[in-house]
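Have the viewer open, try each task, and then follow the solution step by step.

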Amino acid sequence: MKMTYREALREGLKNALEENPNVFLVGEDVGAYGGTYAVTKGFLETYGPERIMDAPLSEVGFTGIGIGAAMGGLRPIVEIMTVNFSLLALDQIINSAAILRHMSGGQISVPLVIRMTTGGGRQLGAQHSHSFEGWYAHIPGIKILAPATVEDARSCLSYALKDPDPVLIFEHALLLNTSEEVGELPEIRSPFKAVVRKSGTALTLITYGGMLNRCLEAAKEFEKLGKEIEVIDLRCLRPLDNETIFQSVKKNHRVLIVDEGWKSGSLSAEISARIMENCFFDLDAPVERLCRREVPIPYARHLELAAIPQADEIIKKIQEIIK
Amino acid sequence: MALLDHVTLLLNMMRIRRMEEVCAELYTQEKIRGFLHLYIGEEAVAAGVLSLMRPQDNVMATYREHGHALLKGVSAKQILAEMFGKVEGCSHGRGGSMHLFSSVNRFFGGNAIVASGIPQAAGLALAAKRLKEDRHTVCFFGEGAMAEGAFHETMNMAELWKIPLLFCCENNLYAMGTALKRSQSQMDLVKKANAYNVTANSVDGMNIIEVIEKTQIALDFIKREQRPYFLEFKTYRFRPHSMFDPELYRNKEEVMNWKEKCPILTFKGHLLQKNMISELQIQELTLKVEKEIQEAIIFAEQGTWEPIEDLEKHVYENDL
């Protein structure tokens, strides 16, 4: 059957709420409004206000309440409207959720899931278009998921809820209306490992989230030329799946990383460094990167498009590397 | 009413006082490092509120939390070992003075980001209510925390969502070195709570009997109404903010005036006057406290260092 990314998120949440009575969703406009992106439409009527909690605009407060509720035995899902607003809750996420286990010598567990929308591409301007998921991946103590496919959007929540540590899920806004053919039941596949979405030998293309489809599009173009590009979908940005990355690099010897975040001090820099440290003598060319240009996202359509990696740029870059 | 008799209440305040004095000594000997914030002068608040807490109740405190941890059941041995950085400490040496934790005692820290523990305490209280568990949840914070957004957001949601949480503001008049009058446009803290429709009361935090009476009223209200309650405890820290504080912001006379209201001295005097305790009994209590604290020092001294090979433990439940 055909399912959209939005429907997949919705099904994931529905399953979670039905499986465990201790699961509840808290966030801005998740209830009466039906979710900012209409993911939770009708949930309030079905599950009631105790499990679908419309929160005031108090990110630090309701994220902290989520942490406490998780410590107290519930399984909260905190929804933050966009990654930009998550910065208001950063203290709770980093100074508490990520470190309570360590600070307490292993005694305190915070089994909290935080979902948020990420990414640019909708002409929403500089304060609604950030891609901070790579930045969050800097922090020990949390796990970072970036579902890029409908199937992952559908199944990753159930794994996140079973994890004893805080998991942040970044849902890319541009993917909400994309659709895919999926099976009756969600796929049983841990979201904490990378997946080779397309295998090939000409080059290893490493990406995640909103950039995956563009990378697959680019790879398709090369297929026509008889060149097979291998596309790795990281899926989980922390912990990084070194094994899948290194295996592919050792086989293909050429690498391009496509990351929607800014280049300086980015996740792409981290992956590049790891490849250098572990696969240096397997490389036939320097590791290349395509990232968001180092500006806040502009409103004007043509400028926004130029600021975020597009399929044609990816194609051009691959040509340069494999020529 | 109080779960503890008067003599035990006095003993508990003396235990906190002596442990804190010893911490200061151990700090000058460099046995304890980092930041050290002492509770001396404020003992009646923790000893009073904690006298009403049962083992199943949740307590969240700040970085000035040694006394709260002690009276929530964490042993002086474990507390001192923690401050020494030993693996036998209540946070296995990972936390230090500001991050005492004990999950078995339901003591949730030890939070050194001002006001950060307040929403978390609301979450604990919400969980207890939803899971129909018989627990009180109490959150301690200083008046400085009332300038933080986290405090205001939590007050609002606690009342809005009928969260049964006791907010305990330890108003010692200074947020580090900034006096209340220099940081708050509205100095009546009860009014701030009332602005969120939260029922509130102000308490003489130097008088343990008043602390207990008013806390009991608050806990009864919370249990009956399943809503939050705010208590302001007017108190004073006799020592500097931390061991690094030169105390440029307050004068000696003010400190001397507050020291005359010492919660331990006044309570002792009250008990002696009413013949509820004898000088001999007080001497016995002093010896008992000294024994407990000296044994704790030995325990901490004899504790062991966690092997460096284990450094990356406790980041995730399962090593990645």
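**Exercise 1: The build of chain A**

Chain A holds 13 helices and 14 strands, where helices (H or I, at least four residues) and strands (E, at least two) are DSSP runs numbered from the N terminus. This is a predicted model, in which local features need pLDDT of at least 70 and side-chain atom pairs count only at pLDDT 80 or more, while totals for chains, interfaces and linings use all residues. Residues are numbered from 1 along each chain as its sequence is written, chains are lettered from A and ligands numbered from 1 in the order in which they are written, and side-chain values use heavy atoms, with hydrogens and water left out.

Task: compare the radius of gyration of chain A with that of a compact globule.

Solution. 
1. The radius of gyration is taken over C-alpha atoms, and the globule rule is 2.2 Å times the number of residues to the power 0.38.
2. For 323 residues the rule gives a value near 20 Å, and chain A has 20 Å, which agrees.
3. The C-alpha trace of chain A spans about 60 × 45 × 40 Å along its principal axes.
4. Buried residues are 60% of the 323 in chain A; buried means under 20% relative accessible area, exposed over 50%, partly exposed in between (1.4 Å probe, protein chains only).

**Exercise 2: Around a threonine**

Task: find what surrounds Thr207(A) and what its side chain reaches.

Solution. 
1. Start in strand 10 (residues 203-207) of chain A, where Thr207(A) is found.
2. Thr207(A) is buried, because its relative accessible area is 0%.
3. Beyond four places in sequence, its contacts (heavy atoms within 4.5 Å) include Leu212(A), Cys215(A), Asp233(A) and Val258(A).
4. At 2.9 Å, the side chain of Thr207(A) reaches the backbone oxygen of Val258(A).

**Exercise 3: Where the chains meet**

Task: describe the interface of chain A and chain B.

Solution. 
1. On chain A, 46 residues are in contact with 38 residues of chain B.
2. The two chains bury about 3,300 Å² between them, 65% of it on carbon and sulfur atoms; this is the accessible area (1.4 Å probe) that two parts lose on being put together, summed over both.
3. There are two salt bridges between the chains, each a side-chain nitrogen of Lys or Arg within 4 Å of a carboxyl oxygen of Asp or Glu.
4. One of them joins the side chains of Glu50(A) and Arg130(B) (3.4 Å, N to O).
5. Helix 3 of chain A gives the largest share of the side of chain A that touches chain B, 10 residues.
6. Gly123(B) touches Ile65(A), Gly68(A) and Ala69(A), not counting residues up to four places away in sequence.
7. Gly123(B) is buried, because its relative accessible area is 0%.

Note on methods
Polar contact = N/O pair within 3.5 Å; in protein donor to acceptor, adjacent residues only side chain to side chain.
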